[in-house]
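Reader: Hello! Could you walk me through how to read the strands and helices of a model?

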Amino acid sequence: MDVNSHAEELASDLGVDKTEVKADLENLLEYSVPIDEAKQSVRRKHGGSSDGSSPTPDAVDLAEITTDHGNVTVTVRVLTRGTRTIRYQGDDLTIREGELADGTGTISYTAWQDFGFEPGDSLTIGNAGVREWDGSPELNLNESTTVAIADEPVAVDHEVGGDRNLVDIAAGDRGRNVEVRVLECEAKTISGRDGETEILEGVVGDETARLPFTDWDPSPELEPGADLRIEDVYAREFRGVPSINLTEFSTVTPLPDPVSVADDAPRLSVADAVDSGGMFDVEVVGNVLEVRDGSGLIERCPECGRVVQNGQCRSHGAVEGEDDLRVKAILDDGTATVTVVLDDEITAEVYGGGLEDALSAAKEAMDKDVVADAIADELVGGVYRVRGSLSVDEYGATLDATAFTTADEDPAEVARAALTEVRG
Ligand SMILES: [Zn+2]
């Protein structure tokens with residue numbers, strides 16, 4: 001039976017004009033709505049019974065939806081749409097996810113089939129399931145959901161489309177588009193769920209921030225120095241900071257003009273940096289209060305690089321540790337404290353000597369602690385400007401330094417200035 005015959009049948013059942021019914025049907029079919037569902041939807045619209053199927057759930061505003069709702073009907077504008085493959089019960093499944101909005105608010109959605117809608121479309125979505133995700137309601141669009149173009153465009157207060165600056169990218173974002181310069185990029189082989197796979201890892205930047213990325217389906221355009229528009233990426237948390245993820249669905253287009261990348265990291269008070277939950281690149285200024293245990297001359301596990309204590313690795317048991325240098329220092333700017341970690345190179349600069357010097361000093365004194373003591377004498381009480389990657393977990397905030405220099409400012413002044421800047 002073709003659309004025409006379906007329309008004829010419906011029109012005579014409902015006692016309405018066939019042209020109108022046919023237009024409605026075609027509209028729904030364009031969105032890949034199965035014909036039976038489309039017919040039910042048209043019946044309901046013209047006041048007919050829905051053929052004994054479950055009744056259409058009530059139309060609600062997004063702001064009213066709670067996790068207690070079962071199924072709902074909403075009229076919304078599509079803000080964003082991301083594409084991703086997930087493994088579900090052993091099968092690879094392509095899903096679409098993003099945000100929807102109406103005049104009252106926004107909601108996330110996951111569509112388990114391709115309804116064909118795009119950011120900017122105004123839709124009436126019938127019989128969408130409500131599920132709880134991270135404590136908030138989310139819409140599930142599945143095979144019992146109908147999607148049709150709304151009678152009127154839906155006015156919303158939110159930005160339509162996924163274009164964002166890097167500073168505004170947060171873990172959990174989906175369907176985002178960024179314009180960036182590739183700062184670092186290297187190929188890596190990982191053993192994934194389908195065996196060995198090649199991926200790309202690196203860092204991208206724009207004028208607002210720098211972020212790490214992973215490309216799970218390596219694009220040849222990604223190479224250091226390339227200026228690119230990348231569409232349809234998602235963000236997740238990786239080592240405590242948001243990271244950009246490219247997939248087979250991401251598109252990468254070279255840009256004609258260079259993307260300017262800020263040389264400086266955003267400067268924040270320690271409190272604001274910690275409140276952000278993690279930043280890939282940030283700068284703070286503070287006093288070193290203390291050099292903690294586990295600084296100076298340390299031993300690392302040759303297998304995993306973790307610090308070995310009393311010859312024991314937490315993962316690998318008794319191991320022959322490898323000597324290394326590092327510093328863990330407590331930095332305070334009056335708003336909060338953070339543990340700053342200096343790698344072997346920066347530690348050598350602070351100590352004024354490398355690993356060999358540290359080993360011979362320890363040997364001469366017959367005490368490893370002389371190295372940490374010398375570092376503490378140098379650092380404690382001084383004011384330092386620290387740039388690096390900040391992560392926050394249940395043990396506190398850690399700043400892995402990429403640069404560590406003396407500063408002659410008053411940390412409290414700097415923190416106050418940073419607060420004024422951030423809070424306008
Ligand atoms: Zn180990």
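Author: Gladly; let us begin with a pair of strands. Strand β4 (residues 105-111) and strand β6 (residues 136-141) run parallel and share four bridges. Helices (H or I, at least four residues) and strands (E, at least two) are DSSP runs, numbered from the N terminus. Two strands pair if DSSP finds at least two bridges between them. Before going on, please note that this is a predicted model: local features need pLDDT of at least 70, side-chain atom pairs count only at pLDDT 80 or more, and totals for chains, interfaces and linings use all residues. Residues are numbered from 1 along each chain as its sequence is written.

Reader: Which residue in β6 is the bridge partner of Thr110?

Author: The partner of Thr110 is Asn140 in β6. Asn140 is also the bridge partner of Gly129. Strand β5 (residues 122-133) is joined to β6 by five bridges, and these two run antiparallel.

Reader: How many residues lie between the strands in the hairpin of β5 and β6?

Author: Two residues lie between them, and Asp134 in this hairpin has a positive phi near 60 degrees. As for side chains, in a regular strand they alternate between the two faces of the sheet.

Reader: In which sense do β18 and β19 pair?

Author: Strand β18 (residues 322-332) and strand β19 (residues 337-342) pair in the antiparallel sense, with six bridges. Ile330 is found opposite Thr339 of β19. The hairpin they form has four residues between the strands, and in its turn Gly334 has a positive phi of about 95 degrees. β19 also runs parallel to strand β21 (residues 396-406), joined by three bridges, and here Val340 stands opposite Leu399 of β21.

Reader: Now the helices, please. What describes two packed helices?

Author: The angle between their axes and the distance between the axes. Axes are lines fitted to C-alpha atoms, for helices over the stretch in contact, and angles run from 0 to 180 degrees between N-to-C directions. Helix α1 (residues 3-14) and helix α2 (residues 18-30) have axes that come within 9 Å and cross at roughly 130 degrees. α1 and α2 are therefore oblique to each other. Angles under 35 degrees count as roughly parallel, over 145 as roughly antiparallel, 65 to 115 as roughly perpendicular and the rest as oblique.

Reader: Which residues of α1 and α2 meet?

Author: Among them are Val3, His6, Leu10 and Ala11 in α1, and Val21, Leu25 and Leu29 in α2. Contact is counted if the C-beta atoms, placed from the backbone, lie within 7 Å. The contact residues divide into seven nonpolar, two polar and four charged. Ala, Val, Leu, Ile, Met, Phe, Trp, Tyr, Cys and Pro count as nonpolar, Asp, Glu, Lys and Arg as charged, and the others, Gly among them, as polar. After α1 comes Gly15, with a positive phi near 65 degrees.

Reader: At roughly what angle do the axes of α2 and α3 cross?

Author: The axes of α2 and helix α3 (residues 35-45) cross at roughly 135 degrees and come within 9 Å. That makes α2 oblique to α3. The contact includes Val21, Leu25 and Leu28 of α2 with Ile35, Ala38 and Val42 of α3. Its residues comprise seven nonpolar, one polar and two charged.

Conventions
Two residues are in contact if their C-beta atoms, placed from the backbone, lie within 7 Å.
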